[in-house]
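Welcome! Please take a moment with the sequence and the structure below before reading on.

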Amino acid sequence: MLDAVIIIVTVTALLLAAWCGFAAYRDSATKDWHFAGMAVVTLVTLVQLVISLVQLGHGDRPEQGMAVFLAYLLGAACTIPAAAFMSLAERTRWGSAIVAAGGVILAVLELRLHEIWGNGHG
Amino acid sequence: MAEDMTRQTAKAEPVTQAEPKAEEAAQAEQTQKQARSIGTGPGRLLLSLYGVFTVAALSRSIVQISTKFHDAPLAYVLSGVAGLVYAVITIALWRGGEAARRLALVCCSVELAGVIAVGVLSIADSAAFPDATVWSDFGDGYGFLPLLLPVAGLLWLRRAARGTPAPSRQTGTEA
């Protein structure tokens, strides 16, 4: 279950990164549609947060430690909102570049989350 | 008087000769804006990335120092130091101004020296680093960003300095 969500978050985060990276390449600031995209990715990370907490509630435990797992989980949920705020403050192509970087960072966080959670879980 | 102070900027607008006082005030404001501008444009991207690395390095070292300090004290303390350097640069970029720019310049130099020194040491004398730090192997665990960030930071801070022209240099260039 969590594996599927991790894949969804990773893919949407990379799509967002490509989209905003393209906007930066085109010398364009983030537009309303970009922010809608950020909202979607953020929503998926929040779903991930809930699913993870439910799994933990069922007694599943991350392989590499609870504290690290929770830290990465919260970090993943905060990454895109933080990038969105920076992008609001920076109404140039660099604001788009920030969101693109945020998407890549989120994908990396998901990769680590997958390792920390470990295999052998549902 | 006001003529002397006029700086040649890239986008010199066709100024309708307004009140000299207002012009001077606008210039002072612009100079101030430029001094603060190390945290805008490309600087804002750097600021964001440094913010991420501050959180990453500091939380990593806090977890490691509090749970398994004796496994690799040097590595964990180094991660903490790296986190502090990142924090200073983040705050300097955010605050802006000439003093902050100089501070950030020093910290980026320290950071670059640290990445290179730890990178070389972690490969040459891996026994000293039983556990990885943010700067081990030139930061390859972090996509080599720890090596690229200070280089980008130094280039950007240098360019930001050149973007703030000294008034004396420009004196007399206006006809």
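What follows is a short tour of a pocket, an interface and some charged pairs.

Please keep in mind that this is a predicted model.

**The largest pocket**

Let us begin with open space. The largest pocket holds about 1,600 Å³, and 45 residues line it.

The largest share comes from α3(B), with 14 residues. Sorted by class, the lining of the largest pocket contains 25 nonpolar residues, 14 polar ones and 6 charged ones.

**Where the chains touch**

Next comes the interface of chain B and chain A. Here 10 residues of chain B are in contact with 9 residues of chain A. The area buried between the two chains is about 790 Å², and carbon and sulfur atoms give 78% of that area.

How many salt bridges are found across this interface? The rule finds 1 between chain B and chain A, and the side chains that meet in a salt bridge are those of B:Arg44 and A:Glu90. Polar contacts also cross the interface of chain B and chain A, with 3 residue pairs found. On the side of chain B that touches chain A, there are 6 nonpolar, 3 polar and 1 charged residues.

**Charged pairs**

Side chains of opposite charge can pair when their charged atoms come close. Over all chains, the count comes to 5 salt bridges, including the two in this table.

| Salt bridge | N to O distance |
|---|---|
| B:Arg44 and A:Glu90 | 2.9 Å |
| A:Asp27 and A:Arg93 | 3.7 Å |

Where in chain A do A:Asp27 and A:Arg93 lie? A:Asp27 sits in the loop between α1 (2-25) and α2 (32-57) of chain A, while A:Arg93 belongs to helix α4 of chain A. The two residues are 66 residues apart, so this pair links distant parts of the chain.

Technical notes
Residues are numbered from 1 along each chain as its sequence is written. Chains are lettered from A and ligands numbered from 1 in the order in which they are written. This is a predicted model: local features need pLDDT of at least 70, side-chain atom pairs count only at pLDDT 80 or more; totals for chains, interfaces and linings use all residues. Side-chain values use heavy atoms; hydrogens and water are left out. On a 1 Å grid over the protein atoms alone, a cavity is a set of points where a 1.4 Å probe fits but cannot get out, and a pocket is an open set with protein on both sides within 12 Å along at least five of seven lines; lining residues have an atom within 4 Å of a point. Grid points are joined across faces, edges and corners, and a volume is the space filled by probe spheres set on the points. Helices (H or I, at least four residues) and strands (E, at least two) are DSSP runs, numbered from the N terminus. Ala, Val, Leu, Ile, Met, Phe, Trp, Tyr, Cys and Pro count as nonpolar, Asp, Glu, Lys and Arg as charged, and the others, Gly among them, as polar. Contact means heavy atoms within 4.5 Å. Buried area is the accessible area (1.4 Å probe) that two parts lose on being put together, summed over both. A salt bridge is a side-chain nitrogen of Lys or Arg within 4 Å of a carboxyl oxygen of Asp or Glu. A polar contact is a pair of N or O atoms within 3.5 Å; within protein, one must be able to donate a hydrogen and the other to accept it, and residues adjacent in sequence count only if both atoms are side-chain atoms.
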